Amino acid sequence: MHLNPKSHASSNLRRIIAPPPPQPMTSFYLNSLLPLPPSHPQKLVEPSSSSSSSSLLSISNSNEAALKPIVINGDPPTFVSAPSRRIIAVGDLHGDLRKARDALQIAGVLSSDGKDHWIGEDTVVVQVGDILDRGEDEIAILSLLRLLDEQAKANGGAVFQVNGNHETMNVEGDFRYVDTRAFDECIDFLDYLEDYAQDWDKAFKNWIFESRQWKQDRRSSQTYWDQWNIVKRQKGVIARSVLFRPGGRLACELSRHGVVLRVNNWVFCHGGLLPHHVAYGVERINREVSTWMKSSSDEEDSPEMPFIATRGYDSVVWSRLYSRETSDLNEYQIEQVSKILRDSLEAVGAKAMVVGHTPQLSGVNCEYGCGIWRVDVGMSSGVLDSRPEVLEIRGDKARVIRSNRDRLHELQVADYI
């Protein structure tokens, strides 16, 4: 997040069958769904036990004709066909677990009973990056999203993430924006992993339930002088380096996600997608970033950090071209940005783009004929501590959902546009 105001690879694809979604409200349409590019599609299915298989079979028997499966192309996911699904876009979270839960609850996908159950049925959630930095519960949020993705897939939905600049910065070893308490979470998490031996998946998904107790235990043993304990601070930096360096456990977890994702005819990225990114190849970009993240930096032939995706202010995760207020631009500049946006969308086969990265003081909003939606509202307490807002997409229509005066049970919902 910027704080100024701001070759196709074959992939593992799985089948998901679920109940039909709610009927969409009427409103203005953008255009019909565009087909996915050819990319050796396969079926997308969750590895399951015999009991879950019979559950899916039961769902399949009653609803297969009503709802088509989600199909994913690319590894990491790049092109997603999710017919008739409601889509929720969530902005930058920056280590604030409470606000992350609030956002998911107002979106109607997370239970409010504290048990972190998926209640979104076949909804598809896309989080647009910058989960890391500026907050203390980064790993817990990553754990929550992975857990919810597993639950969502069992109901015909899915949870996707795209990596932002703060994810790539941490894998690179840039810890300038890390909260002191986030270093503590890394120390706790490494100690916690020892209890799970080699069972990474179980350990990672359980962290959302265990992290609170670890944090309470840590705080109860802290003293006033700990903030100046250099040895402890060095231990935190080492723990974070072990987890996030290329090939590290959490770097490999991040490598499961790309930096660009197209769901139906909506494209999601953190900073912004430009024509030269599409010309380079979005699957290629995702694959190169993923390979860099999961390849050990100790290897002689380890890949370099992909510049086009992660470096420079015209990269996918850093671009701010679409985040500037049109009121700050002259007529010629608006025309040029609008053309770049149209060219980018046409090249990637999308009708609208959703980005984060730059906090929007006015809340979730759109520009350029709603060809660009900006969903970073700075909700984290480490940024603007603003009230959560999410973007709801149904077909080619979108609307904003926000909590009313920080009371989650009172929602303000805009009309679809």
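Residues are numbered from 1 along each chain as its sequence is written. In this predicted model, local features need pLDDT of at least 70 and side-chain atom pairs count only at pLDDT 80 or more, while side-chain values use heavy atoms, without hydrogens and water.

**Helix α7**

Helices (H or I, at least four residues) and strands (E, at least two) are DSSP runs, numbered from the N terminus. Helix α7 spans residues 230-244. From first C-alpha to last, α7 reaches 21 Å, close to the 21 Å expected at 1.5 Å a residue, that span being 1.5 Å times one less than the number of residues. G236, A239, R240, L243 and F244 of α7 are buried (under 20% relative accessible area, with exposed over 50%, 1.4 Å probe, protein chains only). Seen down the axis of α7, these buried residues fall within an arc of 110 degrees, so they line one face of the helix; the arc is taken from the directions from the helix axis to the C-beta atoms. The face turned away carries the exposed residues I230, V231 and I238.

**Strand β4**

V124 and V126 on one side of β4 (residues 124-127), and V125 and Q127 on the other, are all buried.

| Partner of β4 | Sense | Bridges |
|---|---|---|
| β3 (residues 86-90) | parallel | 4 bridges |
| β5 (residues 158-161) | parallel | 4 bridges |

A89 has V126 as its bridge partner in β4, and Q127 stands opposite Q161 in β5.

Notes: Pairing = 2+ DSSP bridges.
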